[in-house]
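Dear colleague,

I am passing on a structure for you to look through, together with some notes on a helix pair and on salt bridges. Please read the notes with the structure open beside them.

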Amino acid sequence: MDGTPTVLVVDDSQTKRYLLVNWLTRAGFTVLEAETGGEALSRVGVDPIDLVVLDVRLPDLSGFEVCERIKSVHPALPVIHVSAHAIDATDRTQGLTRGADAYLAEPIEPDELIATAHAVLRYYQARQRAELLAERLTGLADTTVAVHAAPNFARLLETAATGAAEIFKSPAAVVAETFDGDCLAGVCAGPGAEGKVVPWTVDDRGVPTGATVRVQDPAGWALVDWPRGDTVTVAAARLREDRAPLYVVVPTATQTARTPVLVQLAQAVASAVEAQRSFDEEHRIAVTLQRSLLPRRIPEIAGLDLAVRYEPASAQTEVGGDFYELVMLDGHLLLAIGDVAGHSLHAATVMAELRHALRAYAVEGHQPGEILHRVDELMRTLLPGELATICVLLLEPATGQVRLASAGHLPPLISKDGRVEYVQHSAPLLGVRAPRPADLEFVLPAGATMVFYTDGLIERRDATIDEGLTALAACAARVDDNLDRFCQRLLVELAPDEIQDDVAVVALRRH
């Protein structure tokens, strides 16, 4: 507690109450008065009371019952029983058993009363500090786990800010720099409020490596509405000299000596931020590598519109095995899309080999089925144990004549005038020795759009493949005039917010 302790004196005797109030006031306490047990109960929890001095015999309720009721709601509020009547061991035992912290009987000495009051207050102050620390350490542990489990940088800052607000029961802000050098702040208005992320700039000059704490003017951290008349305490944690520090900002009134929990929170969140920065760096490298293995540009072909969307898994640092190919060969468009089993650098390596082999066999003039047969032979010879799905199409733009072969890949769909049809061509995966059917031949009519995709677009843990295909058909029934916008809409409407698997979509429309 801060400042002068407040004592509630409860006694129906005006003379006795006068003496108790006088002694306590002269000892430096702030004193409130009540004549009955009911009045005392109505004031506890409303007035800022730190100690109750309670007569055993009251006109409405016994002091034992009043004490018991107080302790049932406010177990950390100390109570001293006083009695002006002769008592025996049974009375003392009942008073202490029912919750009182001390029992004084006539004749009461002023010094004994004051000493007893200070003694029970010291005990409860120590208890409150211990309980507060235990509660905050529990919140610190929960927040540490939560920030390390955050899926991205923004969520990490939101989680850290809401965790700090819960720990200190106050507004809180957490400021850190992303891998790209953008400075962001997670802010929370108080316990129970939702966190949000806003841009923020901090002058990091002079902040040393390690943990530092300083008290500052809240005007310099105008991220939330701080309590009036208070300063803010800022804990800065800088794990490496070449990294920007992380800041945790809370009202100074929430802090205890040496600010141990605040410092530990700043260090824990800084550690999570460093891990997230490393993850983002690795993910950036992985995505750059993966995109370098895909076509650099989409060919411009008279009579055809083409669009592509490729989204790597947001929760993975590894590159994956999804790929597509678009290239003109001898007046025909070669379109291929595939998915190598696995999600790793090895899968991406296999993907690159298959893509280059497919291109080489297509350049030799082979038809789709023969291309897949040769790629399958290559896989089983040089890459035994690997599995992949591929769909290959050769299209003559002028006539719309199509030859298509699939190796276990999800069926492409054709959308025209609101009608959607899947192009079924069942065949074994690459890497499996089994007979393959003849190529599928058909004409893609003018105005029709074909959509090719990988399983990341439609597969969900809570839905079947058939449900995913039905959802895709419903979404693709309407094709936007702009194919890029159409592909983007497929991703927005079908793919989850946090993509768990790579997604490749290729759309082709014949004029």
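For what follows, axes are lines fitted to C-alpha atoms, for helices over the stretch in contact, and angles run from 0 to 180 degrees between N-to-C directions. Helices (H or I, at least four residues) and strands (E, at least two) are DSSP runs, numbered from the N terminus. The model is a predicted one, in which local features need pLDDT of at least 70 and side-chain atom pairs count only at pLDDT 80 or more, while totals for chains, interfaces and linings use all residues. Residues are numbered from 1 along each chain as its sequence is written, and side-chain values use heavy atoms, with hydrogens and water left out.

The helix pair

Helix α10 (residues 465–476) and helix α11 (residues 483–494) have axes that come within 10 Å and cross at roughly 140°. The two helices are therefore oblique to each other, given that angles under 35 degrees count as roughly parallel, over 145 as roughly antiparallel, 65 to 115 as roughly perpendicular and the rest as oblique. On the α10 side the contact (heavy atoms within 4.5 Å) is made by Ala471, Leu472, Cys475 and Ala476, and on the α11 side by Phe486, Arg489, Leu490, Glu493 and Leu494.

Salt bridges

A salt bridge is taken as a side-chain nitrogen of Lys or Arg within 4 Å of a carboxyl oxygen of Asp or Glu, and by this rule the count comes to 29 salt bridges. For accessibility, buried means under 20% relative accessible area, exposed over 50% and partly exposed in between, with a 1.4 Å probe and protein chains only.

Two of the residues named in the helix contact, Arg489 and Glu493, also form a salt bridge, with the closest N and O atoms 3.6 Å apart. Both lie in helix α11, four residues apart, which is about one turn of the helix; Arg489 counts as buried at 13% relative accessibility, whereas Glu493, at 48%, is partly exposed.

In helix α5 (residues 110–149), Glu131 and Arg127 are likewise four residues apart, separated by about one helical turn, and their side chains meet in a salt bridge of 2.9 Å, N to O. Glu131 is partly exposed, with a relative accessible area of 38%, and Arg127, at 25%, is partly exposed as well.

Arg355 and Glu325 form a salt bridge with their closest N and O atoms 2.7 Å apart. This pair links distant parts of the chain, since Arg355 belongs to helix α8 (residues 345–363) and Glu325 to strand β13 (residues 322–329), 30 residues apart. Both Arg355 and Glu325 are buried.
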